[in-house]
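Reader: Hi! I'm about to open a structure I've never seen before. Could you walk me through it?

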Amino acid sequence: MTVRQPTGVRRPVPSAVLRSLWALIAVVLAAVVGGLVLAAVGKDPVGAYQGLFDGAFGTSGETEATLAQTTPLILAALSFVVAFRSGIFNAGGQGQVVMGAFAAAAAGSSALGDLPGPLAVVAVVAAGALGGALWSLPPVLFRVWWGTNEILTSLMATYVASLLNDYLVQGPFRATSVQPGANAQTESLRDNAFLPVVVPDSQITILLPLAVALAVLVWWAFRRTTLGYELRLQGESPLAARSGGLATNRIMITGMLASGAVAGVAGAAVVGGVFHTQISPFPPDIGFNGILAALLVGASPLLTPLAALLFGALSQGGLGLQIFQGVSQYIALVLTATVILFIAPRSAPESWDKVRRRLRARPGPRGTDG
Amino acid sequence: MSQQLRADRGVALGGHPGPAPLALETVGLTKTFGPLVANGDVSLRVPAGTVHAVVGENGAGKTTLMRMVYGLYVPDSGEIRLGGESVTFNSPRDALARGVAMVHQTSLLVGSLSVADNVMLSLKVRGRGARRAVVDRLAELSRDNGLGIDPKAEVGSLSVGMRQRVEILAGLYHDARLLILDEPTTVLTPTEATQLFAVLGDLTERGTTVVLVTHKLREVLAVTSNVSVLRGGRLVAEAPTAELDERQLVQLMVGREVSMSVRDSRPAATPARSDEPPLLAVDDLVVADALGVRRVNGVSFAVQPGEIVAVTGVEGNGQRELVDALVGMTAASSGRIRLAGEDLTRASIAGRRRRGLGYIPEARPTEGLATELPIQDNLVIGQHRTRRFARRGIRRMKATRDFAREQIQLFAVVAAGPGVAVGTLSGGNAQKVVVAREVSKQPRVLLAVQPTQGVDVAAAFAIRRTLQDLRNDGMSIVLVTSDLREACDLSDRAIVLYNGAVAGERTGDQLTEESLGTLAMGISA
């Protein structure tokens with residue numbers, strides 16, 4: 001062999017640093033466009049942004065509220081990342097969040113909620129994980145058995161989950177103590193099943209640091225564990241995994257169940273940390289904002305907490321905007337959407353490639369592996 | 001050597017009195033990517049109205065050079081001249097406006113649109129009238145140049161070869177005077193390739209100049225009039241093709257003498273151990289596709305220990321389906337596959353691999369490798385759970401890295417380290433990673449599918465050598481290849497597939513390209 005210099009890079013893969021830089025630029029651009037929108041409706045953009053920021057971080061109370069909002073978002077985003085890195089597009093995180101929340105409420109309000117010490121909390125979180133995982137199972141089984149596109153089935157399962165939750169909470173599980181006319185809810189969690197808070201008198205629970213730790217764990221596991229390696233190989237090159245003799249079906253199911261479980265814990269975070277009961281209708285956007293947050297940072301596990309914080313701040317800040325500036329909180333939604341519009345083509349071209357590939361995937365002897 | 005060839009250039013372009021007019025000339029083109037000098041001071045001279053070859057190994061800088069000529073890259077320094085006039089391109093659109101068109105190896109056309117609509121995508125005109133004009137002009141150009149393209153045909157319904165012609169046609173529509181073809185025959189059957197070269201010949205007679213980027217030397221010798229050789233980003237020779245033979249070309253490309261025929265290195269006395277039972281035995285194998293068509297129709301063959309059996313033929317005669325059934329990617333409809341006497345017809349992929357089946361797939365970037373994962377991760381696929389590379393579900397990264405370093409050295413993979421993504425390697429080096437992985441698992445039967453396709457000369461040589469060494473160590477190797485020469489040089493025995501069945505078997509003196517070619521065309525001998 002003649003020794004040559006390594007061939008030039010064929011297709012530059014943007015580094016995580018570059019990707020987050022792009023994400024940052026997109027956020028700034030979105031802010032500019034949002035400012036133009038504000039100016040167009042006759043509001044002072046600088047004041048509005050000030051209001052948005054104050055609403056999210058102005059006082060310690062607001063910062064705490066933002067962080068409380070961020071916790072389930074981190075988990076929902078991580079849920080998406082786990083599946084996405086394994087070659088599965090789990091569009092149904094929201095459904096898994098809802099079912100996880102319901103399961104967590106059912107466990108926490110039952111005798112399990114009276115378990116001694118931290119066991120009750122563990123039971124609530126575990127029930128959430130179980131509920132989310134169970135709800136993620138049918139889409140991945142359909143994919144494995146018949147090559148059904150999991151994007152569609154998991155998304156449809158979300159609607160089923162919402163309606164099922166409405167039925168259960170308004171019907172068989174409705175708390176009798178609640179006044180007629182009030183929003184329906186289930187029996188409250190037993191006191192011992194409340195998630196412990198890390199900041200006194202706030203809704204910042206133990207799950208916030210745990211969710212950040214989970215992000216690091218996911219990052220580590222994808223690199224250093226055999227299971228993570230298999231998931232990543234499946235995600236990057238399903239045919240190479242298959243021809244290498246890996247149990248690709250089992251790997252896909254594992255990836256999806258892990259993803260569903262994490263989404264379910266996001267539901268447990270809402271029930272155990274905020275409502276202390278399951279409500280109907282359930283907040284409709286946690287799972288979807290999780291997907292957006294994950295894609296914002298190119299499905300990088302380590303960056304998901306930051307992306308989730310941005311989304312948490314926008315939604316909390318939107319309230320401040322309305323209260324202090326008289327600007328509709330929906331402007332925060334406009335900003336969120338604008339961020340996505342700017343991020344889609346720039347931040348993570350390879351992620352979007354995968355999205356496109358999955359959307360096009362059809363069952364076939366070589367396309368998807370049966 | 002190269003100096004001498006260059007000195008001969010003056011008299012080289014026989015036929016033309018004095019220096020021939022140049023369609024394309026580059027003067028001292030240089031392009032660097034960070035520390036990598038992709039092209040250093042390249043001065044290329046392409047006479048008008050010729051088919052001009054640009055050859056070199058993978059990574060020699062062919063693609064970079066061509067990308068500068070058609071406007072995708074801007075040179076760091078140097079000059080591009082078209083017909084003697086200095087030009088600066090900032091985009092392929094600029095280049096097209098000056099008559100430079102590129103025919104890509106993998107088509108960039110939109111499959112769901114018609115030929116004419118694809119051409120219209122690059123125009124700024126819309127509307128039915130404009131479309132009719134485009135259709136008429138394309139039909140005329142197709143007829144005049146013998147391209148045989150219906151402008152209204154949907155691109156997706158055309159074969160790969162026809163799609164290439166569509167790109168040529170699109171170039172002609174834009175009055176291209178210089179057509180660049182990047183490895184056009186990699187994706188073509190031998191017949192399609194011959195037809196393509198006939199078309200190119202016609203085009204040059206009408207004054208178009210063709211630059212053919214390739215590393216298939218027989219093509220160079222057969223159809224080009226001049227050849228430029230790149231090595232390590234520099235132009236090392238430029239001469240009339242007639243003055244060179246294959247051996248000299250390889251020397252120029254590789255920079256030293258390479259023993260051309262692998263047969264040279266074959267030890268005299270390694271007869272296949274025919275007295276031993278075959279390691280792989282395929283009996284009356286039938287593989288039907290989803291529509292029930294028998295893609296493999298009753299194929300039987302056996303491979304002894306220490307034997308290379310080539311499975312060859314024109315692509316699409318059941319090779320891929322046979323391979324899929326042998327590996328377990330698809331199920332056989334009937335028949336039997338035995339490995340060392342054990343029936344594996346119904347075994348899983350993992351089961352077959354556990355019992356000693358190695359597999360070098362044809363589709364390197366999708367089936368062979370995960371291009372975005374590092375070399376070390378690609379090298380342990382299938383072995384990642386063994387005690388050597390993992391304990392209690394935790395990967396042993398140091399062992400993995402050390403193993404990768406060892407394999408990189410053993411197979412002379414040119415890479416910065418075990419942590420680089422495989423997708424950044426050249427075709428030859430990426431293939432060496434696949435070969436290293438499969439060989440390191442010490443299979444009993446190795447199934448190698450087009451192992452040297454899209455691989456540079458030196459790497460191809462190394463891979464062939466590896467296969468022979470393994471054979472000499474007693475492995476059974478099935479070499480699936482559509483390169484008849486490779487089949488002859490490398491195998492002890494060759495079977496030819498035609499229409500899903502074995503058209504014949506050749507061994508010993510009868511193992512010649514001619515006899516295999518006859519069988520491959522379905523002509524019974």
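Author: Happy to. In chain B, A101(B) stands opposite L179(B), a residue of β8(B). Strands here are DSSP runs of E with at least two residues, and helices are runs of H or I with at least four, numbered from the N terminus. One caution: this is a predicted model, where local features need pLDDT of at least 70, side-chain atom pairs count only at pLDDT 80 or more, and totals for chains, interfaces and linings use all residues. Residues are numbered from 1 along each chain as its sequence is written, while chains are lettered from A and ligands numbered from 1 in the order in which they are written.

Reader: Thanks! How many bridges join β7(B) to β8(B)?

Author: Four, and the two strands run parallel. Strands count as paired if DSSP finds at least two bridges between them.

Reader: Are the faces of β7(B) covered or uncovered?

Author: Both are covered: V100(B) and M102(B) are buried on one side, A101(B) and V103(B) on the other. Buried means 20 or more other C-beta atoms within 10 Å of a residue's own, exposed means 12 or fewer, and partly exposed is in between, with C-beta atoms placed from the backbone.

Reader: Okay, new topic. Which strands make up the open sheet of six in chain B?

Author: The order is β17-β20-β21-β14-β22-β23, with mixed pairing. At the edges are β17(B) and β23(B), each pairing on one side only.

Reader: And how do β17(B) and β20(B) pair?

Author: In the parallel sense, over four bridges. There, G358(B) stands opposite L446(B) of β20(B).

Reader: Which strands does helix α17(B) lie across?

Author: Helix α17(B), residues 457–472, lies across β14, β20 and β21 of chain B, and runs at about 150° to β21(B). Such angles run from 0 to 180 degrees between N-to-C directions, and axes are lines fitted to C-alpha atoms, for helices over the stretch in contact.

Reader: What about helices meeting helices? At what angle do α6(B) and α7(B) cross?

Author: Roughly 110°, with their axes coming within 10 Å. That makes α6(B) roughly perpendicular to α7(B); the label covers 65 to 115 degrees, while under 35 is roughly parallel, over 145 roughly antiparallel and the rest oblique.

Reader: Which residues of α6(B) meet α7(B)?

Author: R137(B), L138(B), L141(B) and S142(B) do, against L169(B), L172(B) and Y173(B). Contact means C-beta atoms, placed from the backbone, within 7 Å.

Reader: Let's jump to chain A. How many of its residues are in contact with chain B?

Author: 29 residues of chain A, with 46 residues of chain B. The largest share of chain A's side, six residues, comes from α8(A).

Reader: What is chain A built from?

Author: Its secondary structure comes to 14 helices and two strands. Buried residues make up 52% of its 370 residues.

Reader: Is D201(A) buried or exposed?

Author: Exposed, with 8 other C-beta atoms within 10 Å. D201(A) lies in the loop between β1 and α7 of chain A.

How values were computed:
Two residues are in contact if their C-beta atoms, placed from the backbone, lie within 7 Å.
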